[in-house]
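The sequence and the model come first.

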Amino acid sequence: MCHFQETLWTEDSEYEKIPVNTAAVSGIMKIGGGVANLEEFLSTLDIPPLSSNTYQKEHDNIATAWEKVAENEMYCAATEEKHLAVQAGEVGGDGIPMLTVVVDGCWAKRSYRTNYSSLSGAAAIVGFRTKKVLYMTVRSRYCMVCSRAAAVNKLPGKHCCSKNWHGSSSSMEANIIQEGFQKSVAMYGVKYAKVIGDGDSNVYKTILDSRFYDELQVEKLECQNHLFRNFCLK
């Protein structure tokens, strides 16, 4: 009647931004959900949900991108921490900066002090001065594809296996911290000379036994918060 025609787009084709499918999957990943959660949410909004294949494709792309960004951020944090150590004069005889770091681990499931049976765990090395993560990784004792194949006595097909740990849950933290110390010189050109921890003797013993820096013995500093918390138990 008014001879006017307008075209509407769900996404602005002239503006570079995250696609709507990628944004939806990224959002559900950030709150710890999965494909079933996203399907239920979109169905409630009367929006056609993503297929499982589309979701998995977006999920894999996002996970890869997050990993690359995390690696870059940790490298930038290490560079900043390294610069501050040089300014403070904390440099070894070989010219390598000596950093003070904070280490700790966490598990997906744990009954504190009684049962360490979590299928996955993570640990991080944090710079003392910048309070930024220098190293972090995850250990997992479970892979859904491998588990389903084992249940029917078959070999799993080609897949990206998430199982990278065969030891106990309680030893995940020490192994991750050990790996971070071992790679410090190669990755960032620094040495972790002092470590602040929660009193876990297993972690510090692993560091001492590994002797990453030959002539340098890593010094352990007790975390004040954990000392206060454990005071009534000692």
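A polar contact is a pair of N or O atoms within 3.5 Å; within protein, one must be able to donate a hydrogen and the other to accept it, and residues adjacent in sequence count only if both atoms are side-chain atoms. The model is predicted, so local features need pLDDT of at least 70 and side-chain atom pairs count only at pLDDT 80 or more, while totals for chains, interfaces and linings use all residues. Residues are numbered from 1 along each chain as its sequence is written, and side-chain values use heavy atoms, with hydrogens and water left out.

The side chain of T130 makes such a polar contact with the side chain of E81, at 2.6 Å. T130 lies in the loop between β2 and β3; helices (H or I, at least four residues) and strands (E, at least two) are DSSP runs, numbered from the N terminus. T130 counts as buried, at 13% relative accessibility, where buried means under 20% relative accessible area, exposed over 50% and partly exposed in between (1.4 Å probe, protein chains only). Not counting residues up to four places away in sequence, T130 touches E80, E81 and L84, contact meaning heavy atoms within 4.5 Å.

R129 is in the loop between β2 (120–127) and β3 (133–140) and is partly exposed, at 32% relative accessibility. Leaving aside neighbours within four places in sequence, R129 is in contact with E81, L84, A85, A88 and E90. The C-alpha atoms of R129 and H159, 30 residues apart along the chain, are separated by 40 Å.

D94 is found in the loop between α3 (52–87) and β1 (98–107). D94 is partly exposed, with a relative accessible area of 44%. Beyond its neighbours within four places in sequence, D94 is in contact with K191 and E215. The side chain of D94 also reaches the backbone nitrogen of I96, at 3.2 Å.

| Side chain | Partner side chain | Distance |
|---|---|---|
| T130 | E81 | 2.6 Å |
| R129 | E90 | 2.9 Å |
| D94 | K191 | 2.7 Å |

A search of the whole structure finds four aromatic pairs. Rings of Phe, Tyr and Trp (its six-membered ring) pair if their centres lie within 6.5 Å; planes under 30 degrees apart count as stacked, over 60 as edge-to-face and the rest as tilted. One of the pairs is F181 and Y192, edge-to-face at 5.0 Å centre to centre with 80° between the planes. This pair links distant parts of the chain, F181 in helix α5 (residues 172–188) and Y192 in strand β4 (residues 191–197), eleven residues apart. F181 is buried, with a relative accessible area of 0%, and Y192 is buried, also with 0%. The ring centres of F212 and Y213 are 6.2 Å apart and their planes are at 55°, so this pair is tilted. Y213 is buried, at 4%. F181, Y192, F212 and Y213 form one aromatic cluster.

Helix α1 (residues 20–30) packs against α3 at an angle of about 70°, with the axes 9 Å apart. Axes are lines fitted to C-alpha atoms, for helices over the stretch in contact, and angles run from 0 to 180 degrees between N-to-C directions. Helix α1 is therefore roughly perpendicular to α3; angles under 35 degrees count as roughly parallel, over 145 as roughly antiparallel, 65 to 115 as roughly perpendicular and the rest as oblique.
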